[in-house]
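Welcome, and please load the model in your viewer. We will take a short walk through it, one selection at a time.

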Amino acid sequence: MIVLDQENKIFTLHTLNTTYQMKADQYNVLLHTYYGTKIDNCDLSGLIQCGGRSFSPNPNEAGSNRDYSLDIMPQEYSTCGVGDFRVPSIEFELPEGSHTADLRYESYRLEKGKYALEGLPAFFGIEDEAETLVVYLKDSAAQVLVELYYSVFETFDLITRAVRVVNQGSEPVRLCRCASLCLDFLRSDLDMITFNGHHLMERCLDRGPLRSGIQSVGSVRGTSSHQHNPFVMLCDRDADEDTGICYGVMLLYSGNFEAAVECSQYENSRLVMGIHPYHFCWTLEAGGVFTAPEAAMVCSPNGFGQMSRQYHRAICEHLLRDPYHGKYKPVLVNNWEATYFDFTADRLVDIAREAAALGIELFVMDDGWFGTRNDDNSGLGDWKVNLEKLPGGLEALVPRIRELGMKFGIWIEPEMVNEDSDLYRAHPDWVLQVPGRAPSRGRGQLVLDFSRRDVRDYIYDQIRAVLMSADISYIKWDMNRSLTDVWSASLPAGRQGEVYHRYVLGVYDLLERLHCDYPHILIEGCCGGGGRFDGGMLYYTPQIWCSDDTDAIDRLHIQYGTSFCYPVCTMGAHVSAVPNEQNGRITPLKTRGITAMSGAFGYEMDLGKCTAEEKTEIRCQVEQYKTYYDLLHHGDYYRLTSPLKDSSYTAWEQVSPDQREALVNVILGTTHAAPPFRCLRLKGLNPAFQYQINGTGSPQSGEVLMKAGYPVPQIQGDYPAFQIYLKAM
Ligand code: GLA
């Protein structure tokens, strides 16, 4: 609910459990007065203390009042050059060369429903699902209007934000920074949690106290990156899964980003998050508009678990545009780890036949089917079937897969080109490269200039021809390198600072065209695994390959970190062969199955090589996944342990919304002789319900299972795992 106090210019945004407030003060500076646990309507600006501080300048209109300074007040959208020396949200250069931004409140607008952002991903919601407030701020000298957008999804405790900047003057304005969100706190005794890693080990949780100065994570790789995820948290120092206040902020953006937290001199703190200012400069001609990507905040007064569950629900209901929304999604088999580039049509059909016999429903043909693609040095850009490998093309192959009762999916990497390709030979000028410099390669490939419409149109026509040639139900959209040599032949020197962002807009444009033209096709995002696992991509690709690391034990860390913001149904997770291709570890098939089941489930191995017992087990796993599908994908997610704190076992749980069913998943880590006897306390159950465990034995009450726990079975061997299914009687 959005409550307005027009007289006092106070805007209060209430969600189910939280309150967010801002107020335009006597000088029309928009102050941020509160974000936290729900509070009834009142003016919270009394929390802000003013007082003269040397070296904290006073705005001109404050006259002799030396107590008033932007340097010490919490701002809703921080400015620069006028006395706030902390991280600015906006910075622009005017024709005379100044870099000063002074924003004052002008007016507001209130609407039913959720705002949309042209060309950018955003949460969606109709009239009775969300409410929108737009607050207009203006720098009168510069004639720059800043529109702050807020949408409230009340039951999800979700507040989305976006920013539009309009040049209302007659001269160009060069926008050098335009954050999506600024969040000021009147305290700095907070921990910052970020999700970091590298290729093959993404989104590992890192937590530490705020320190004086600026702490930041971000990416200048052109993608949101394996290294840092555009989702960050701030929380009480002692917050945990179930207690303490915590704030999550996700940026729906898939390119360069920065999340910077400044802990300033008088023990307050500020989070600014948005497009990374590195090599960003957007020229706004007279009348021009720039839209910053959306940020989405969830505050939980009751620890991380509640925040995650709110994000999961909101993302599933209001961000994913999944052709399988509300329906059962097929289990897939992917041939990558089974064959790499070395396959024939018969080999693929063999894998599909084995898979179909085990209940698997979708066959995905990975890299290597096009151009002269026999390794990763050639072929990218030539989206035409390699007829030597696949005689008769997709027209011949796909019906053979369909005859097995399976759907067919295909891998593409549209943003890339190999120099050894017909496309590059015809259009060497279509890649990102700086004049006079030979561009760096990544995985032996160059990056197509997706900021250019002509390049995108060409690629889209190629993809469309592939999609028209056969009955295709799924696309894996890959992207296998970081951007370098970012310069576009289509823009003048003064506008090269737009290329990084225009590239991302270009990717979104092509994905949107695919979504609109082929709404029945499920697109899975991929960037060498999870190098672009963010809310922006999820809008177009409702599931994303979580990591190229398919080892079940490494996946515990990756999927644990990923679960803080992103729901299970978005995390592509496959059972692969052992020893694992990435780290050589041997884990039981059951362990691999249980780990992958808490994701968009599939297999990535040569099923023909499995023994009869393994095939029987896989058939059971697939059955099990189908039985638990609703619970796994639509249940409330509870992290029961942290793999970071305790490697002896990792456990998580899904509980049905009516609390009548739950699935507990446990993977044992390091095994010791004579291990301790432990009880695992469950969560989210109804204390009054009696639950039958795995369909047998005397039932146990939710209260006992949550307060006293369930004895962890003593199992021997390497990395054993088990599931406990609870059903209320
Ligand atoms: C990336 C993906 C893999 C696979 C290969 C194919 O690394 O993450 O899953 O598709 O590309 O080249």
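Start with β2 and β3, a hairpin with 3 residues between its strands. Keep in mind that this is a predicted model. Select residues 18–24 to pick out β3, which runs antiparallel to β2 and is joined to it by 5 bridges.

Residues 2–5 make up β1, which pairs with β2 in the antiparallel sense over 4 bridges. Click on V3 and then on T12, its bridge partner in β2. These two strands also form a hairpin, with 4 residues between them.

How many of its residues are buried? The count is 5 of 5. In a regular strand, side chains alternate between the two faces of the sheet. Here I10, T12 and H14 lie on one side and F11 and L13 on the other, and both faces are covered.

Next, select the ligand. Its surroundings comprise 13 residues, with D366, D367, R443, K476 and D548 the closest. By class, this shell holds 6 charged, 4 nonpolar and 3 polar residues.

- D367: 2.6 Å from a side-chain N or O atom.
- D478: 2.9 Å, again from a side-chain N or O atom.
- W411: 3.0 Å from a polar side-chain atom.

Finish with the ligand surface: taken alone, the ligand exposes 300 Å², and the protein buries 95% of that.

Conventions:
Residues are numbered from 1 along each chain as its sequence is written. This is a predicted model: local features need pLDDT of at least 70, side-chain atom pairs count only at pLDDT 80 or more; totals for chains, interfaces and linings use all residues. Side-chain values use heavy atoms; hydrogens and water are left out. A residue is near a molecule or strand if one of its heavy atoms lies within 4 Å of it. A polar contact is a pair of N or O atoms within 3.5 Å; within protein, one must be able to donate a hydrogen and the other to accept it, and residues adjacent in sequence count only if both atoms are side-chain atoms. Accessible areas come from the Shrake-Rupley method with a 1.4 Å probe; for residues, only the protein chains shown count as cover. Ala, Val, Leu, Ile, Met, Phe, Trp, Tyr, Cys and Pro count as nonpolar, Asp, Glu, Lys and Arg as charged, and the others, Gly among them, as polar. Buried means under 20% relative accessible area, exposed over 50%, partly exposed in between (1.4 Å probe, protein chains only). Two strands pair if DSSP finds at least two bridges between them.
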